[in-house]
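Subject: Structure for you to look at

Hello,

Here is the structure I said I would pass on. My notes on its pockets follow below.

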Amino acid sequence: MKVKLNQAIKKYMLAVAAIGQRMTATSEKFKTAEPKGLSEVIAVKEIYKEGIMEFENQFKDLKRLEAPIELKQEHNELIEAYRQFVDATQGMSDTLDTVNIKTDSEKFEVEKDKQINASNRIVQISNRIVQKVRM
């Protein structure tokens, strides 16, 4: 069912888009954050630590948004997908053992797949929101 664009919906969509832009900017920091060798584990772990803090702040901002009733279901789905994204990113970080300077590459790949799936879901939900709103 299409909903008519009004001021509340426009404000919500702009806020979600701004969070999405911040998420993309944070994600860019991770492009090179896969340890190529054991010597890089500590440096990469630090990149993850900082990025996860940024993702957590973005998640809190998303949760604080007041979604218009017409988009409440999509908003709740977006929150769930973003939580899965953050959790998967944390899971990737958890595979980096800075005490023993090693990484669990198998688990890293599993968590990376979860992160990709959550990211794809975020995009799908966002697209559904746009399609639902009649301009």
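A helix here is a DSSP run of H or I with at least four residues, and helices are numbered from the N terminus. Please keep in mind that this is a predicted model.

Largest pocket

The largest pocket has a volume of about 350 Å³. Its lining is made up of 15 residues, and those nearest the centre are Ser-27, Phe-30, Lys-31, Phe-85 and Gln-115. Three helices each supply at least two residues of this lining: H1 (7-28), H3 (72-94) and H4 (105-132). Which helix gives the most to the lining of the largest pocket? That is H4, with five residues. By type, the lining of the largest pocket holds six nonpolar, five polar and four charged residues.

Second largest pocket

The second largest pocket contains about 200 Å³ of space. Among the residues that line this pocket are Val-16, Ile-19, Gly-20 and Met-23, along with Leu-62, Leu-78 and Tyr-82. Ser-119, Ile-122, Val-123, Ser-126 and Asn-127 also belong to the lining of the second largest pocket. The elements that give two or more residues to this lining are H1, H3 and H4. The largest share again comes from H4, which provides five residues. How do the residues of this lining divide by type, and how many are charged? Eight are nonpolar, four are polar and none is charged.

In short, H4 gives the most to the lining of the largest pocket, and H4 also has the largest share in the second largest pocket.

Regards

Conventions:
Residues numbered from 1 in each chain as written. Predicted model: local features only at pLDDT ≥ 70, side-chain atom pairs only at ≥ 80, totals over all residues. Heavy atoms only, no water. 1 Å grid on protein atoms, 1.4 Å probe; cavity = no way out; pocket = protein on both sides within 12 Å on 5 of 7 lines; lining within 4 Å. Points joined across faces, edges and corners; volume = space filled by probe spheres on them. Nonpolar A, V, L, I, M, F, W, Y, C, P; charged D, E, K, R; others polar.
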